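Colleague: I'm new to this structure, and I'd like to understand where its labels come from. Could you take me through them?

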Amino acid sequence: NFFDRIKEPFVRFFDRSFRKRMIPMLRPVVGIDEGDNIQAIIATLKEASPLATLKRMNHKTKQKLPYVHYAYASEGDFGTCGIHARRLKRLLPKGRSEVMVLPVTGHLESHFCMQNPKCDWYAALARVLDEYAPPPK
């Protein structure tokens, strides 16, 4: 069969071609272009990462940070959301963050549901504002 004879070289060609296009596309979009210097790319990613920045901070500096609220969808959101949320809670001092898993499906729905006043997110926001808002004059 003709297709069976050309399939393997064809797949190898497109796989290499795909990798050549994708790797530059996945480089960080902040900082300067470091070309193929993987150590410099990793350093740029760490510099741009809030979690990496938190990891480098001492406890006293972390105490001065604002309250952090992190919300994501319970189903169909990015797989890293739960991992990032747990790490954020671990890195911030106790009581300086809140993680909310919204009862919706999909990443965009986690944003859209915030428009709904009956969403759990509204209650959490009201609680934070009541706690941290200055008293009325």
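This is a predicted model: local features need pLDDT of at least 70, side-chain atom pairs count only at pLDDT 80 or more; totals for chains, interfaces and linings use all residues.

Colleague: Which elements does the protein hold, and in what order do they run?

Modeller: There are seven helices and two strands, running α-α-α-α-β-α-β-α-α from the N terminus. Helices (H or I, at least four residues) and strands (E, at least two) are DSSP runs, numbered from the N terminus.

Colleague: What makes the pair of Tyr70 and Tyr72 edge-to-face?

Modeller: The structure holds one aromatic pair. The ring centres of Tyr70 and Tyr72 are 6.1 Å apart and the planes stand at 65°, so the pair is edge-to-face. For the rule itself, rings of Phe, Tyr and Trp (its six-membered ring) pair if their centres lie within 6.5 Å; planes under 30 degrees apart count as stacked, over 60 as edge-to-face and the rest as tilted.

Colleague: Why is Tyr72 called buried, and why is Tyr70 called partly exposed?

Modeller: Buried means under 20% relative accessible area, exposed over 50%, and partly exposed in between (1.4 Å probe, protein chains only). Tyr72 has 14% relative accessibility, so Tyr72 counts as buried. Tyr70 has 21%, so Tyr70 is partly exposed.

Colleague: What is the share of buried residues in the protein?

Modeller: Buried residues make up 23% of the 137 residues.

Colleague: How do you know that Ser97 is buried, and where is Ser97 placed?

Modeller: Ser97 is in strand β2 (residues 97-105). Its relative accessible area is 8%, so Ser97 is buried.

Colleague: Why does Gly95 count as partly exposed?

Modeller: Gly95 is found in the loop between α5 (80-91) and β2. With 49% relative accessibility, Gly95 counts as partly exposed. Gly95 and Tyr67 are 28 residues apart along the chain, and their C-alpha atoms are separated by 8.2 Å.

Colleague: What makes Lys60 and Arg56 count as exposed?

Modeller: Lys60, in helix α4 (residues 59-63), has 61% relative accessibility and therefore counts as exposed. Arg56, in helix α3 (residues 50-56), has 55% and therefore counts as exposed.

Definitions and conventions
Residues are numbered from 1 along each chain as its sequence is written. Side-chain values use heavy atoms; hydrogens and water are left out.
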